[in-house]
Amino acid sequence: MQIWGRGNSTNVRKVLWCAAELGLAYEHVNAGGAFGLVNEPAYRAMNPNGLVPCLKDGDLVLWESNVIVRYLARQYGQEPFAPKDAKAWAGADKWMDWASLSFGAPFRDVFWNLVRLPPEQRNMAEVARGTEQCARLMTLADAALAETPYLSGRDLGIGDIPLGCIAYGWFSMPIERPELPHLAAWYARLTERPAFQSSVMTPLT
């Protein structure tokens with residue numbers, strides 16, 4: 001198994017974290033950003049999108065981070081991380097797409113301006129707007145986490161992976177955050193997991 005992608009990418013972190021939780025052995029190939037490679041003909045032949053992450057498992061090649069997480073969970077996971085019951089799976093699965101689609105633009109505005117751009121190039125209006133939108137979204141997760149310890153239910157599962165990677169940036173950046181006790185307790189539980197520490201809690205760059 002091979003996983004392509006730079007470790008400072010939120011989407012790549014999803015896949016690395018999932019693989020670590022499942023105890024999978026794989027070769028990690030740095031690609032994208034400063035590492036290049038994604039525009040090379042061999043990579044484009046494998047992944048015509050030219051993005052990361054990308055997974056090769058035997059003769060199977062997959063791109064799109066959430067798809068890769070779902071595949072790894074179904075192929076190699078067990079209960080409760082990968083529920084067999086369709087309703088339990090769907091309950092966790094909805095949080096995957098919710099986090100990825102809803103947080104895409106506002107989180108990027110905050111992250112790029114505060115982490116990747118030098119101070120003189122930052123658009124603080126974008127930061128303020130993105131922070132406000134992310135905070136509103138986080139209140140929805142906080143309400144769900146008041147009912148269960150994890151977005152996936154009683155135990156960690158696929159539903160926690162996308163927001164967990166976003167939450168690392170959210171709690172690490174120098175921004176004002178609302179008091180959301182259930183979200184904070186959930187995030188604290190994630191930070192205690194060795195797989196989260198090694199795959200997600202790497203420098204923000």
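Visitor: How many aromatic pairs does the structure hold?
Guide: This is a predicted model. Rings of Phe, Tyr and Trp pair if their centres lie within 6.5 Å. Aromatic pairs in the structure number eight.

Visitor: What is the geometry of the pair formed by Trp-17 and Phe-196?
Guide: The two ring centres are 4.8 Å apart, and the planes stand at 75°. Planes over 60 degrees apart count as a class of their own. The pair of Trp-17 and Phe-196 is therefore edge-to-face.

Visitor: Which elements hold Trp-17 and Phe-196, and how many residues apart are they?
Guide: Trp-17 belongs to helix 1 (residues 10-21), while Phe-196 belongs to helix 9 (residues 194-199). The pair thus links distant parts of the chain, with a separation of 179 residues.

Visitor: Is Trp-17 buried or exposed?
Guide: Its relative accessible area is 0%. Buried means under 20%, so Trp-17 is buried.

Visitor: Which residues do ring pairs link into a cluster with Trp-17?
Guide: The cluster rests on ring pairs, and Trp-17 is one of its members.

Visitor: What radius of gyration does the protein chain have, and what would a compact globule have?
Guide: The protein chain has 205 residues, and a compact globule with that number would have a radius of gyration near 17 Å. The value for the protein chain agrees with this: 17 Å.

Methods
Residues numbered from 1 in each chain as written. Predicted model: local features only at pLDDT ≥ 70, side-chain atom pairs only at ≥ 80, totals over all residues. Heavy atoms only, no water. Rg over C-alpha atoms; globule rule 2.2 N^0.38 Å. Phe/Tyr/Trp six-rings, centres within 6.5 Å; stacked < 30°, edge-to-face > 60°. Helix = DSSP H or I, 4+ residues; strand = E, 2+ residues; numbered from the N terminus. Buried < 20%, exposed > 50% of the residue type's maximum accessible area, 1.4 Å probe, protein only.
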